[in-house]
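Please keep the sequence and the structure in view while reading.

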Amino acid sequence: MDDDFDPAEFTPRKRTEPCKLYLISPQEVGGDFPARLRAVSEVESVAAFQLRVKNRSEHEIARLAEPLQRICSDAGVAFIVNDSVALAKRLGADGVHLGQTDGNVRDARALLGPHAQIGVTCHDSRHLAMEAGQAGADYVAFGAFFPTRTKESEYRPDPSIIGWWSSLFEIPCVAIGGITPGNATKLIEQGADFIAVCSAVWGAPEPRQVAQDFNDLLLSHN
């Protein structure tokens with residue numbers, strides 16, 4: 001962290017919006033996935049969709065992204081690209097999500113402009129979250145809170161980190177990692193602004209129904 005870091009630079013939280021659902025794509029987004037995304041994106045609490053496809057060329061991911069980005073636009077859902085600032089720029093995405101090795105917020109802002117939504121993975125670290133906020137991130141993400149098969153993680157933060165962040169800083173926070181309608185309540189009550197989900201929705205026989213279950217849970221805590 002910079003030596004001159006000052007927590008007073010951040011505005012205290014004045015939460016007025018209910019927690020929202022932040023969808024993360026599965027690895028396979030071809031075939032019937034666009035139809036499944038369209039159905040899920042119509043659920044009220046869905047606010048964002050992150051395209052997270054690994055080990056494909058940028059050209060191939062851009063081709064797969066086209067119908068998904070259109071669906072998100074039609075539904076008023078933010079379309080976020082995982083890891084790649086260059087791909088986010090190429091697609092004209094609403095934003096980019098950066099891991100700790102995917103570049104820095106200031107460079108991403110310079111390339112994508114002032115209106116892009118830039119999020120940063122902060123694992124279980126208050127230090128990394130404050131650094132991201134100071135650099136101008138639009139949101140910080142903590143996790144994985146529960147065991148998950150979507151992405152290996154050695155980090156397992158206590159839900160209280162959400163409460164700490166939400167009580168001090170205005171920048172929204174995302175809770176991620178193995179979250180289901182059955183275990184999300186504590187994260188919501190701690191003040192998470194977004195619940196990020198992948199396999200809980202896309203791995204279900206009826207993805208829209210699971211999204212609706214999340215929606216009902218989120219609205220019950222409004």
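## Helix α1

In helix α1 (residues 33-41), the buried residues are F33, P34, L37, V40 and S41, where buried means under 20% relative accessible area, exposed over 50%, and partly exposed in between (1.4 Å probe, protein chains only). Seen down the axis of α1, these buried residues fall within an arc of 125 degrees, so they line one face of the helix; the arc is that of the directions from the helix axis to the C-beta atoms. Their cover includes β1 (20-24), β2 (46-51), α2 (58-75), α8 (199-202) and α9 (207-220). Helices (H or I, at least four residues) and strands (E, at least two) are DSSP runs, numbered from the N terminus.

## Basis of the model

This is a predicted model, in which local features need pLDDT of at least 70 and side-chain atom pairs count only at pLDDT 80 or more, while totals for chains, interfaces and linings use all residues. Residues are numbered from 1 along each chain as its sequence is written, and side-chain values use heavy atoms, with hydrogens and water left out.

## Helix α4

The buried residues of helix α4 (residues 105-112) are V105, A108 and L112. They cover an arc of only 65 degrees around the axis, which puts them on the same side of α4, whereas the face turned away from that buried side carries the exposed residues R106, D107 and A110.

## Residue H123

H123, in the loop between β5 (117-121) and α5 (126-135), is buried, with a relative accessible area of 17%. Leaving aside neighbours within four places in sequence, H123 is in contact (heavy atoms within 4.5 Å) with Q100, L128, A141, F142, G143, Y155 and P157.
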